[in-house]
Amino acid sequence: MDIVPILALISAVAGLGLAAFFFQDVKKASPGNDRMVFLMTEIQKGAKAFLKQEYTWVAGFAVVMAVLIAVVIAPLGAVAYLLGAVLSAGAGYAGMTVATMANARTTEAAKDGPGKALPIAFRGGAVMGFSVAGLALGGLMVVYILFVTVLESADAFEIVTAYGLGASTIALFSRVGGGIYTKAADVGADLVGKVEAGIPEDDPRNPATIADNVGDNVGDVAGMGADLFESYAGSIIAPISLVAFAVGLQAEAIGDNATSLLMFPIVVAFIGMIASIIGSFLVKSGDSTDSKALSKALHRGTNVAMGITVVGVIAASFVVFDDSTIFENPIGLAISVVGGLLVGWALGKTAEYYTSDHYGPVKKIAQQSETGPATTILGGISAGMISVAASVALILIGIGVAWWGGDFAFADGAAVDGVAAGDLGGLYGIAIAAIGMLATTGVVVSVDAYGPIADNAGGIAEMAELDPSVREVTDALDSLGNTTAAVAKGFAVGSAALTALALFKSFEFAILTASEGETVLNLNIGEIDVFIGLFIGAALPFLFAALTIDAVGRAAQEMIEEVRRQFREIPGLREGKEGVIPDSARCVAISTAASLKEMVIPGALAVVVPLVVGFVSVDALGGLLAGALVTGFALAIFMANAGGAWDNAKKYIEAGAHGGKGSDPHKAAVVGDTVGDPFKDTSGPAMNILLKVMTIVSLVFASAFV
């Protein structure tokens, strides 16, 4: 079994090699004329400047956390924490760098149709995808091999868990900071440009256009990359920590049965990485701009990767557990993984149904825009809320299948290092279902990161005043990008629920182990501590969402005033007089300053609150985590799908429905879209990180609480 982490590490290196190959492939493509290169460079400079400042701010927080972990938990835990943080930041920076190269190249390729443009946008996104998957898995395997296998550290599994906390820290601040940046610029550009000035999206006259395109990269590429890095690493750590804390493992005394359970999630990650690499080469497109044809081309790679993973996991379940006497039906664990994979896919399809303009919900919102912004907003809210019910039903099916599979795998009366399988099997099934959802992270993130590249390509086409046929191609790619982003958010939020549940149970076992059996976590809601914790936890996601939405609102307000001022004070700007250009740098500076200032309180909330509550009462902390998991999951789904539905309703009208661009329904849809922007790109995506950060903080500091 010692070979398994090494094989996983090799597959991670192969993923990084593929990212390097795709980087060179994208780099070879032509970036277009001088105007396109200039715009690409401006977007790149703005994105790099923001990430440099953001990471400088977050580094201070990370150092404080590292010192706290070193003092309270273990000095080597601080090393793993910082490694997780640095690799997460590195993955985001690498993805952002190539995304800002691929945008103009996608625009140039769009002159020859979607058959040329889609592969460049996808391969640009694939650099992000395989940087995330490769660095996350590779870093985790280095930590596991070093501290568990080689050094056999007494705190080995606390150290492994600290790696996940480091990734979570960067993910939280990147999602919140990047989300505030991009939506402040987007809302400001849309409301003044489209609604007040009546000019097209990404028009070069609009001072906020460059900031808007920069925001696509720092929020939807770097932020999203850090988010999925954390989700992927966390989904592998969850089953490992569950087994380790359940049986009180020390690295030097791991039995064969426990070893099999520790290795299986790593095997699943290895299979998923190989499958993603194969699937990534199958994304090719024809010359049609029909969104269904483009969607089929883009999802071909994901579907093939999922198919390979299913076959590989079923085979692996028999190989890994073949020699063990306690596993009567090893295929049960494969069923848990495959169930998680299929539920993740179904959550994505549910998101697609509620956010794609092919289906009723988005068309209904577009129709409601004919009676003004109020009915548009009501339609989006109801679509988002209905999608929660469907998503909850799916996640419950996934939990039920995963529990049954885990329980079914073990022989009657079996025990793992003294712990009855009945107390562990079903929970282990749920934990590995989460890695099933994210096993193909490399190709899933590739498809997600493709969206912002296509969006930027459309912006460059408009700002460079290219032939309208080019914008037609990029708009088709961009519309699909909104749906693929919603699909990836479905995977991320679904895995967050399962991972948080597994980490929560690990926290319960860790409390028991750290107190040497004296403290048993109590979740009886009749107890006042637990009841108070439940309400604090239920309120936290709403407070977090309010803080982030309010931050976008304040930053957007400043942006709107600046755009209005420039239209008012720069002669000839609004009319498009030759030689008159807007002061885009001022808008970039506004978004940068606002996002860095506004991200601190929401980001700190996720770490500080569980620590404070945990030191007061572990029972209250248990209630807090339970309450936050339930409301946070529902709120994340609602916000992501409502925002996506509003956005695509606007694009559906812009394609010619209900009067098309410039009509009153279009203006109403723009208002709905601006309301949905912070929903789908700031508060909603950050919610799943909030859940896992609070749970993993509680797990890492469990021994300190007792």
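Start by selecting Ile525: isoleucine 525 is exposed, with a relative accessible area of 53% (exposed means over 50%, buried under 20% and partly exposed in between, with a 1.4 Å probe and protein chains only). This is a predicted model, where local features need pLDDT of at least 70 and side-chain atom pairs count only at pLDDT 80 or more, while totals for chains, interfaces and linings use all residues. Residues are numbered from 1 along each chain as its sequence is written, and side-chain values use heavy atoms, leaving out hydrogens and water.

Isoleucine 525 sits in the loop between α14 (468–514) and α15 (528–569); helices here are DSSP runs of H or I with at least four residues, numbered from the N terminus.

Next, go to Leu625 in helix α18. Leucine 625 is buried, at a relative accessible area of 5%. Leaving aside residues up to four places away in sequence, leucine 625 touches Phe504, Phe507, Met694, Thr695 and Ser698 (contact means heavy atoms within 4.5 Å).

For the last stop, pick helix α10, residues 360–368, and highlight Pro361, Val362, Ile365 and Ala366, which are buried. Look down the axis of α10: its buried residues fall within an arc of 140°, so they line one face of the helix (the arc is that of the directions from the helix axis to the C-beta atoms). To see what covers these buried residues, show α9 (331–355), α11 (373–409) and α18 (618–654), which are among the elements over them.

Key:
Helices (H or I, at least four residues) and strands (E, at least two) are DSSP runs, numbered from the N terminus.
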